[in-house]
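Please walk me through this structure, from its overall build down to single side chains.

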Amino acid sequence: MNKCIEEKTGRLRYFDALRGFSMIFVVFSHVVLFSMGLTDVKDSTVNWVIMTFRMPLFFFVSGFFAYRVCTKWTASLVGDVIKRKIQAQVIGTIVFCSLFLFCQGQGIFTWLHTGFQGYWFTITLFQMFLIFLSLLSRLCCTERMLDIGLLLVSSVYFLSFGVPVIREFWDSPLGGILCEYEVTRYFQFFALGIFCRKYWNQFARLLTKDWFKTFFIVIFVMCLCFMNLIENSQISPPQFHQDSRHSCTICRFNSRSFILLQQGEIL
């Protein structure tokens with residue numbers, strides 16, 4: 001079964017294709033917003049649809065490749081991976097965000113007060129890797145405990161949307177620098193990617209089932225209709241739904257060369 005999906009080299013063609021699509025979606029969305037005179041995501045129906053799953057897809061694929069099959073996580077290996085992630089995702093983000101701010105006539109340390117703006121997803125992804133590698137992969141003694149740990153962390157993040165103290169932290173300078181709001185929103189997708197890779201045989205069998213694919217297409221269309229109904233309604237929805245519909249913070253298209261260059265390391 002997996003021969004149709006996984007080549008002899010061990011590469012998963014479906015997920016390599018998802019990497020390419022995620023890059024195309026990034027470029028397309030920014031061309032639409034910054035090169036076609038549009039001022040809002042909803043001005044383009046196609047772009048609005050893409051924006052509903054673009055970032056969840058990105059973090060799902062990132063989580064999928066974060067899990068290494070048959071890898072024994074040691075303190076040395078965890079430290080080496082974290083070191084490389086710091087170089088690629090933290091230091092690189094600080095340097096290029098500072099250059100972008102300088103070119104915009106702002107102070108190079110403005111990110112200390114406003115956060116990393118359009119570069120938020122690199123800092124967010126680094127924290128997800130840090131949670132997975134340091135707290136889960138190293139501290140959980142068994143694979144079952146790893147599953148429980150991922151579910152617990154995902155549940156805590158999900159439930160924290162309704163906690164006023166957490167919301168205040170999101171708005172603080174430190175919360176902005178750490179991009180905690182985005183970590184809270186997207187960690188569940190990162191964890192789902194890990195589960196899909198870990199239980200790949202079962203997941204691959206589901207992908208071949210017509211009922212499974214039909215079910216998710218129907219659910220996706222229903223969610224789009226529900227979101228459109230909420231946005232066009234005069235009734236204010238619950239705060240949780242407002243948070244889940246907020247568009248991702250994005251910077252100008254001419255600063256995205258760094259992001260595209262980093263895609264290979266991030267994913």
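The protein chain has 13 helices and 0 strands, where helices (H or I, at least four residues) and strands (E, at least two) are DSSP runs numbered from the N terminus. Read from the N terminus, the elements run α-α-α-α-α-α-α-α-α-α-α-α-α. The model is predicted, so local features need pLDDT of at least 70 and side-chain atom pairs count only at pLDDT 80 or more, while totals for chains, interfaces and linings use all residues. Residues are numbered from 1 along each chain as its sequence is written, and side-chain values use heavy atoms, with hydrogens and water left out.

Of the 267 residues of the protein chain, 42% count as buried. Buried means under 20% relative accessible area, exposed means over 50%, and partly exposed lies in between, for a 1.4 Å probe and protein chains only. Contact means heavy atoms within 4.5 Å. Among contacts between residues at least 6 apart in sequence, 74% join residues at least 24 apart.

A nonpolar core is a set of buried Ala, Val, Leu, Ile, Met, Phe, Trp, Tyr and Cys residues joined through side-chain atoms within 4.5 Å. The largest such core has 36 residues, and those with the most contacts inside it are Phe59, Phe132, Leu133, Leu150, Phe187 and Phe190. Helix 2, helix 3 (75-103), helix 5 (120-137), helix 6 (143-159) and helix 9 (180-198) each supply at least two residues of this core. Helix 5 gives the most to this core, with 9 residues. Apart from it lies another core, of 11 residues, including Ile50, Leu57, Val61 and Trp200.

Leaving aside residues up to four places away in sequence, Phe187 touches Met128, Ile131, Leu150, Val153, Ser154 and Tyr157. With the same exclusion, Ser154 touches Phe187, Gln188 and Ala191.

Asn47 is another polar residue to look at. Asn47 lies in helix 2 (residues 45-66) and is buried, at a relative accessible area of 0%. Its side chain is joined to that of Ser29 by a polar contact of 2.9 Å. A polar contact is a pair of N or O atoms within 3.5 Å; within protein, one must be able to donate a hydrogen and the other to accept it, and residues adjacent in sequence count only if both atoms are side-chain atoms. Not counting residues up to four places away in sequence, Asn47 touches Phe28, Ser29, Val32, Leu33 and Val41.

Aromatic rings come next. Rings of Phe, Tyr and Trp (its six-membered ring) pair if their centres lie within 6.5 Å; planes under 30 degrees apart count as stacked, over 60 as edge-to-face and the rest as tilted. By this rule the count comes to 22 aromatic pairs. The rings of Tyr186 and Phe189 have centres 6.3 Å apart and planes at 45 degrees, so this pair is tilted. Tyr186 and Phe189 are separated by about one helical turn because they are 3 residues apart in helix 9. Tyr186 is buried, with a relative accessible area of 5%, whereas Phe189 counts as partly exposed at 30%. Ring pairs link Phe58, Phe59, Trp120, Phe121, Tyr186 and Phe189 into a cluster.

The cysteines close the tour. The structure holds 0 disulfides, a disulfide being a pair of cysteine sulfur atoms within 2.5 Å. For Cys179, the nearest cysteine sulfur, that of Cys97, is 9.4 Å away. Cys179 is buried, with a relative accessible area of 2%, and Cys196 also counts as buried, at 9% relative accessibility.
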